[in-house]
Amino acid sequence: EQINKGHYEHYMQKEIHEQPESLTTTMRGRLIRRGSSKSKSVLLGGLKDHLKTIRRSRRIVFIGCGTSYNAALAARPILEELSGIPVSMEIASDLLDRQGPIYREDTAVFVSQSGETADTLLALEYALENGALCVGITNTVGSAIARKTHCGIHINAGAEIGVASTKAYTSQIVVMAMLALAIGGDTISNQARREAIVDGLYDLPNKVREVLKLDQEMKDLAQLLIAEQSLLVFGRSYNYATALEGALKVKEVALMHSEGILAGEMKHGPLALVDESLPIVVIATRDACFSKQQSVIQQLHARKGRLIVMCSKGDAASVCPGESCRSIEVPQVEDCLQPVINVVPLQLLAYHLTVLRGFNVDQPRNLAKSVTTQ
Ligand code: G6P
């Protein structure tokens, strides 16, 4: 067991730190960047006979649980942008509870690290009965979801042992960004955007290596938050999923109450919680919603909120209001890939909080790596 962990103390720690490599493996052989810019594209072998059908679908429905659901949520905006197809989100159990409508004209995408989660598998059977084209995105070759879907993409992140998913999350987002490129097809109008994303994907492992250098800083922050009861994480747009996923990590392993909040909903409830003691992480990296997040920060500050702002490198001085505000500066990448970078400090924070609070990192109480019963 110690050999598998290498020089790391825990699998979760190892899996966080191996993300530059797992992302490289995920993209291997799938990015095309031949000389001229025109040929920048992606190649997803597992989809090649079905791309036309996917492009013609009336709707794309993402279905998953836990971290896999969050990864799909992170990829939703770029899929909508590049494909022009409406994308809806379904937590597998909720779709089953409602027996929500699924049509023959739908493409249903099942996202699951293990490929064995009971609710996701049942939702797959339900979608198959309703005639949808079913696509699997899993990390496990030969898993039930990989076998039962019509086509799919393996994320190739390597075995993930820690119950809390980390490297599978970032690989899932990357695969879904590649899916968006594949479905979107080449049009003159989106050519520059597509090229920027392909270039961004190439460079992503390096940027993840850079953000991992925040390890000690996140340990210091964990030390500061060790005795807190609760932590809020505000995000929006591409990084609403980051807020949910960061909060999920803190909840799962550090056993601290944590909630991811859609910043646009701040005035509809969450603002009532703000005081001088409750720590709040606000994700405010550069994207089209940056100025809206700056305004959120100002409003939280005006109510004496205890702020920890995650911002793009070089922005801390201008984005942080007041002395008491802490910052986490991260490298900036193409907006749709930014969730891959932004989740890393939160994974590190959750990891260090868990160790410092003395809880079991790799097997948090009451939780299982794969939930195979309903
Ligand atoms: C469990 C695990 C999570 C995982 C979720 C979905 O709750 O603890 O880490 O995100 O199941 O699992 P899946 O294998 O379908 O991605």
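**Briefing: a parallel sheet and its helix packing**

Strands β3 (residues 59-64) and β5 pair in the parallel sense over five bridges; two strands count as paired if DSSP finds at least two bridges between them. The model is predicted, with local features requiring pLDDT of at least 70 and side-chain atom pairs counted only at pLDDT 80 or more, while totals for chains, interfaces and linings use all residues. Residue numbers start from 1 along each chain as its sequence is written. Helices (H or I, at least four residues) and strands (E, at least two) are DSSP runs, numbered from the N terminus.

**The sheet**

- Five strands make up an open sheet in the order β4-β3-β5-β6-β7, with parallel pairing.
- β4 (87-91) and β7 (151-154) are the edge strands, each pairing on one side only.
- Neighbouring strands of this sheet are turned against each other by 20° on average, direction ignored; axes are lines fitted to C-alpha atoms, for helices over the stretch in contact, and angles run from 0 to 180 degrees between N-to-C directions.
- Strands of a sheet pair through backbone hydrogen bonds, in either a parallel or an antiparallel sense.

**Helices on the sheet**

- Helix α5 (residues 66-83) packs on the sheet and touches β3, β4 and β5, its direction making about 175° with that of β4; residues are in contact if their C-beta atoms, placed from the backbone, lie within 7 Å.
- Helix α7 also packs on the sheet, touching β3, β5 and β6, and its direction makes about 165° with that of β5.

**Strand β5**

- All seven residues of β5 (residues 106-112) are buried, so the strand is largely enclosed by the rest of the structure; buried means 20 or more other C-beta atoms within 10 Å of the residue's own, with C-beta atoms placed from the backbone.
- D106, A108, F110 and S112 point one way from β5, and T107, V109 and V111 point the other way.
- R59 has D106 of β5 as its bridge partner.
- β5 runs parallel to strand β6 (residues 133-138), and six bridges join them.
- The bridge partner of A108 in β6 is C134.
- β5, α7 (residues 118-129) and β6 form a right-handed β-α-β unit; right-handed here means that, with the strands pointing away from the viewer, the path from the first strand over the helix to the second runs clockwise.

**Helix α5 against α9**

- α5 and helix α9 (residues 167-184) pack at an angle of about 25°, with their axes 8 Å apart.
- The two helices, α5 and α9, are therefore roughly parallel to each other, a term used for angles under 35 degrees.
- α5 passes α9 in a right-handed crossing, in which the near helix is turned clockwise from the far one by less than a right angle.
- Residues making the contact include A71, A75, I78 and L82 of α5 and I173, M176, A180 and I183 of α9.

**Helix α15 and its partners**

- Helix α10 (residues 191-211) and helix α15 (residues 338-357) have axes that come within 10 Å and cross at roughly 25°.
- The crossing of α10 and α15 is right-handed.
- L204, K207, V208 and V211 of α10 make this contact with V340, I341, V344 and P345 of α15.
- Helix α12 (residues 240-254) and α15 have axes that come within 9 Å and cross at roughly 15°.
- α12 and α15 are therefore roughly parallel to each other, and their crossing is right-handed.
- Among the residues that meet are E245, K249 and V253 in α12 and L346, A350 and L353 in α15.

Technical notes
Buried ≥ 20, exposed ≤ 12 C-beta atoms within 10 Å, placed from the backbone. Contact = placed C-beta atoms within 7 Å. Parallel < 35°, antiparallel > 145°, perpendicular 65-115°, else oblique.
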